[in-house]
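Dear colleague,

Please find the structure below. My notes on it follow.

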Amino acid sequence: MSKKASQPRLYVSYLVRRETHSSRALISVILALLLIAGMGYLATEGVLSALGRPPLLAAPQDLWEQAPIALQEKSRPLVIIVGVVLGLFGLGLLGKAILPGSLSKHALKDERAAYVVDDSVIASGISRLLREEAGLPQGTVSTAVSKRRALSTITPSTGRPLDQGQMTQFTKDEVASWQLQPRLKTTVKVAPEGRLEK
């Protein structure tokens, strides 16, 4: 395959990933602001101490001198709690940095263009397909779509039984033809009790 032909494919996959995964920009901005505020406070306290003026909260040398006192027996539980909280916060940030944060969207497989569909649209499409296939009125099929699963629940009309296996196979074939990325495992459940048609 030529280099020119592979470039659009890479660009499309980049666009799809960008649209289907959450951005880390917000958490980065929050962390940067916290670091800037902390460093700004320490710098301000340092300048005030160098000029011989009273500190805003505590002088840097006072903080340094009181650190060993905080590790004594009386305040040790508080130090342990603060340490655990900071450790959990660090683990959360590490998980946010490493794990892919996925959005409620799926991509349609295409090498030339990036098509991204919201999960609610997919759920609505599956419900409509099942409703039309079973000949049911609106409001009788509900579908929930997650990253890898789609669960549809059909409430048939009283006296009109439905074949759950047939409806499941129909849904699998239709959803497979959409070529969603990642693929959806479809499940169809038929409610044991029907509803009266108006």
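In which helix is the place of L94? L94 belongs to helix α4, residues 76-98; helices (H or I, at least four residues) and strands (E, at least two) are DSSP runs, numbered from the N terminus. This is a predicted model, in which local features need pLDDT of at least 70, side-chain atom pairs count only at pLDDT 80 or more, and totals for chains, interfaces and linings use all residues. Residues are numbered from 1 along each chain as its sequence is written, and side-chain values use heavy atoms, with hydrogens and water left out.

L94 is partly exposed, at 47% relative accessibility (buried means under 20% relative accessible area, exposed over 50%, partly exposed in between; 1.4 Å probe, protein chains only).

Helix α5 covers residues 119-134. The buried residues of α5 are D119, I122, A123, I126, S127, L130, R131 and A134. Seen down the axis of α5, these fall within an arc of 165°, so they line one face of the helix; the arc is that of the directions from the helix axis to the C-beta atoms. Just after α5, G135 has a positive phi of about 70°.

Q179, in the loop between α6 (164-177) and β5, takes a positive phi of about 55° although it is not a glycine. Q179 is partly exposed, with a relative accessible area of 44%. The peptide bond from Q181 to P182 is cis, with omega near -5°, and P182 lies in the loop between β5 (180-181) and β6 (185-190).

Yours sincerely

Conventions
The expected span of a helix is 1.5 Å times one less than its number of residues.
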